[in-house]
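Dear colleague,

I am passing on the structure below, and I would be grateful if you could look through it alongside the notes that follow.

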Amino acid sequence: MGYTKEYDVRLSNESVINALRSDDPMLRKEAEENTSDYLRLRLREDGFTRRFFNPATVTPADLDRQVDTQKPVIVKDMEPNSAGAYSLPFNTTPMDNYLVAPRYRVMFDRIESRRYYADVNNLLTYEMDIRQIMNDFILKDIMAEEDRKFMLVVETIVGTVNTPNPLLGSCQYINAGALNRQSISHAMKGLPSTNRHLNPAKALVNNILIWDVVGLPREEIGGNLAEELFVDGFAERTIMGLPWAITIKTDLVADKDVYMFAEPKFLGDFMILDDVTLSSKTEDYMLSFFAYECVGGTIMNAAAVCKVSFTDSQKDWRTGL
Amino acid sequence: MPGSLTPSQMFDHSLVVVKGPSLMNRLDFNAPPRSGELINQGSVCSLNSSGQLVAGCSVGATANRPMPMFAIQGINDFDANSDIGNFSGGVMSAVVATGGFEIETTEFVAGVYNPNDMLTAATGSNIGKVTICTDSPYQNEVVVGCVSVGTRTNEYGKSTLRFWTMFLPATA
C-alpha cells in the first residue's frame with residue numbers, strides 16, 4: 001500500500017475519532033456513517049429474519065400495560081374460529097355459541113453487541129476502515145442474533161421429522177428424498193397440506209444447497225433459470241414461483257434443508273421498539289462503543305412454517321410415512 | 001362481597017443494588033436458566049456444570065465452587081422468558097457476589113439479622129433465599145454475604161434484607 005493512501009486512511013480514522021468524540025450529534029452521526037483496505041476473513045450478511053415479516057416500528061404508545069410487570073408488551077388479537085354450519089329440519093332454532101377470540105402477547109427483549117473500547121491513539125495506527133468494523137460487524141452481529149432466535153422458534157414449531165402435528169393434521173418437517181424437480185414440488189405441498197391450507201410465500205436455504213439447485217439439469221428446473229443461475233449465481237431466486245432467500249448462516253440452516261414460510265399476515269410479528277442504535281462514548285482518550293436494539297417477534301401460527309430435508313426417502317406430508 | 005383477589009405485582013420479588021459500581025460497568029453475568037427452575041428477582045443463584053443458572057448456591061466440590069450471584073430478573077419476566085411463539089427471552093442476568101455490591105433483596109429466610117452476620121444460600125424449600133450461616137467461614141457453608149443494615153419493610157410493604165455481597169467458598 002502506498003504511503004499516500006495509508007496516510008489518507010489514517011487521516012480518515014482521525015477525523016472519525018474526532019467526530020465520535022464530539023458532542024455534536026450531527027458530527028457523531030457522520031462519523032458513524034463515514035467509516036478500506038484490510039484482510040477479510042469471513043463473509044458476513046445482514047439478517048434474514050426481517051425478510052419474512054413486515055417489520056413494524058412501534059412506539060411507547062403502542063405498548064400495553066400489565067398489572068404484574070413493567071416489561072414492555074403488546075397484546076394482539078388472533079383470528080377467531082367459527083363452529084361451522086349444520087343442516088336442520090324446519091321449525092328448529094339454532095344452537096348458541098358465545099363469541100370469543102384468542103389474543104396473544106408480543107414480548108420484547110434487548111439484543112446488544114459487546115462494548116468495544118480502545119485508546120484513541122491506538123486506533124490512529126490502524127490502516128483499515130473503522131466504519132466497516134462498527135457498521136458491518138457489530139450491526140451484523142445483532143442481525144445474526146435475531147436470526148438465531150428466530151430459527152430457535154422455527155425449529156420448535158416444526159418439531160420432529162416425519163411426525164404429524166395433530167393440531168394441523170399434517171407433518172411440518174419431512175424428508176423429501178434427493179433434490180430434484182419432483183422433490184422440490186413435493187416440498188411446496190407442506191403448508192397447503194395442513195388443515196389451514198396456507199401457501200408458501202418465501203423459502204429459506206443456505207448457500208450450499210443452492211449450488212445443488214444450480215447443478216440440476218436443464219430439464220429439471222427449466223432452461224432459463226438453469227442458465228441464469230449458472231451465469232449469474234444467486235442472492236435471492238424465484239424457483240417454482242417462490243422466492244428463495246439464501247443465507248450463509250450454515251449453522252442455522254443446514255445444507256440439505258429448506259424452510260418455507262407463509263405470508264407475513266399469516267406468520268406473526270416483528271416489532272421494533274428501539275431500532276439498532278450505535279452508542280459511542282469518549283472519556284478523555286478512551287473511546288467505547290456498542291450497538292443495541294429492542295425488538296419483539298412472534299410466530300403465532302404454527303401452520304405458517306414448514307421444513308424439508310432433501311435426504312432419505314420421500315415421506316407423505318399428512319402421514320409422515 | 002368485595003373483591004378478594006390479590007394479583008401479583010412487580011415488586012413482590014425485588015433486587016435493589018443500593019451501592020456498587022456504576023450501572024454501565026457493574027459486574028453482572030448472563031446465562032440461560034435451567035429448564036423448570038424457579039428463580040425470583042433477588043434470589044441467590046449460581047451456575048450448574050452445564051453453565052445454566054440454578055436457584056441457590058451449593059458448596060460444590062474441591063476446586064469447583066459455584067460463584068454466588070443475585071438475580072436481576074425473575075425467571076418468568078418477559079425479557080427472560082416469553083410466551084410460546086415469541087422470540088424474546090432465554091437468558092437471565094445476575095449481579096456477581098464478588099462485584100462489590102450492597103444489595104437489598106426480598107429473597108431471604110425470615111428471622112433476626114444483625115450487622116456483620118454472615119449469610120449463606122438456603123436449601124430445601126427455601127432454595128433461592130439467603131439465611132444466616134450456622135458455621136464459620138471456609139467450613140461447611142458457602143458465604144454469600146455479610147449483613148450491613150439488616151431487615152426493613154420497604155416502601156411497598158415487603159420485608160427486605162440489606163447486605164454486602166461476598167464469596168467465601170466452603171472447604172467441606
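Helices (H or I, at least four residues) and strands (E, at least two) are taken here as DSSP runs, numbered from the N terminus. This is a predicted model, in which local features need pLDDT of at least 70 and side-chain atom pairs count only at pLDDT 80 or more, while totals for chains, interfaces and linings use all residues. Residues are numbered from 1 along each chain as its sequence is written, and chains are lettered from A and ligands numbered from 1 in the order in which they are written.

A:Leu209 is found in helix α6 (residues 209-214) of chain A. A:Leu209 counts as buried because it has 21 C-beta neighbours inside 10 Å, the cut-offs being 20 or more other C-beta atoms within 10 Å for buried, 12 or fewer for exposed, and partly exposed in between, with C-beta atoms placed from the backbone. Leaving aside neighbours within four places in sequence, A:Leu209 is in contact (C-beta atoms, placed from the backbone, within 7 Å) with A:Asp255, A:Lys256 and A:Val258. A:Ile299, by contrast, lies 90 residues from A:Leu209 in sequence and 25 Å from it in space, C-alpha to C-alpha.

In chain B, strand β10 (residues 143-153) and strand β11 pair in the antiparallel sense over 8 bridges, where pairing requires that DSSP finds at least two bridges between the strands. Across this pair, B:Arg152 has B:Thr160 as its bridge partner in β11(B). The two strands form a hairpin with 5 residues between them, and B:Gly157 in the turn has a positive phi of about 80°. Strand β11 (residues 159-168) of chain B also pairs with strand β7 (residues 102-105) of chain B, in the antiparallel sense over 4 bridges, and there B:Glu104 stands opposite B:Arg162.

Technical notes
Contact = placed C-beta atoms within 7 Å.
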